[in-house]
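Q: Could you take me through the salt bridges in this model, with a close look at one pair and its surroundings?

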Amino acid sequence: RSNAQLEHYVDAVSHDLRSPLVSLLGFSRLLREDYGGRIDEKGRHFLDRIEQAGRTMESLIHDLLELSRIGRTDAAKSLVDPRSVLAPLYAEFKPRLDQEGASLELPENPPLLMCNRTRLYQLFSNLVGNALDHMGSVAEPAIRVEVTALQDGHQITVSDNGKGIDPAHHDRIFEIFQSLGPRKDGRRGTGIGLAIVKKIAETHGGRVWVDSRPDQGASFHLTLPSH
């Protein structure tokens, strides 16, 4: 009951925050368009910072809403071919992969998964995005997605050859608002992506964990029951 009340509160607050945020971003855009010629370089820098903070807040609200909805509004599970989710996901990430010189290896003939298709897309999107965000500086960044059959279900693994994660932080990174620092572009994420992954896994009857050591890459594992 307490969890349900908290999720309802998060949902309500997130909706309430949208209105002033829309005004903030809207007026900053008008200020740039209508008065940009009167603003000096320092002023434009301040305006950039306002808009960047607003977009970060927008992402935070979106992720909070998604987190509060998981488990309450999910459609029924069905057998899903991971390739039907990974193909559009690859297309979505391709510009960024090309920009960063990173490779993304996908399974050629994975088994069908018993899950909700939308939530499966979120799982892969958050795990692949997390790998790109926290890869660090490596000569040939590479991400690999695997789906393997278990005795009573399936296991998804998303691994990378990045900077790795200290074992002391393995549990913390799955908690809400927890992050391992700035992303490669210097910006900070919302700290909700892996919390969403954890909640999706648990609402499907599975679990998630990470195997990683500093400078040895990271492998995120997630299990899904077969029924």
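A: Let's start with Arg-32 and Glu-51, whose side chains meet in a salt bridge at 2.8 Å, N to O (a salt bridge is a side-chain nitrogen of Lys or Arg within 4 Å of a carboxyl oxygen of Asp or Glu). The pair links distant parts of the chain, with Arg-32 in helix α1 (residues 2-35) and Glu-51 in helix α2 (residues 41-69), 19 residues apart. Helices here are DSSP runs of H or I with at least four residues, and strands are runs of E with at least two, numbered from the N terminus. This is a predicted model, where local features need pLDDT of at least 70 and side-chain atom pairs count only at pLDDT 80 or more, while totals for chains, interfaces and linings use all residues. Residues are numbered from 1 along each chain as its sequence is written, and side-chain values use heavy atoms, leaving out hydrogens and water.

Glu-51 is buried at 12% relative accessibility, whereas Arg-32 is partly exposed at 29% (buried means under 20% relative accessible area, exposed over 50%, partly exposed in between, with a 1.4 Å probe and protein chains only).

The structure holds 10 salt bridges. Among them is Glu-100 with Arg-96, at 3.1 Å, N to O; both lie in helix α3 (residues 82-100), 4 residues apart, about one turn of the helix. Another joins Glu-105 and Arg-144, with the closest N and O atoms 3.6 Å apart. Glu-105 lies in strand β2 (residues 103-105) and Arg-144 in strand β4 (residues 142-149), so this pair ties together parts that are 39 residues apart in sequence. Returning to the opening pair, salt bridges that share partners join Arg-32, Asp-48 and Glu-51 into one network.
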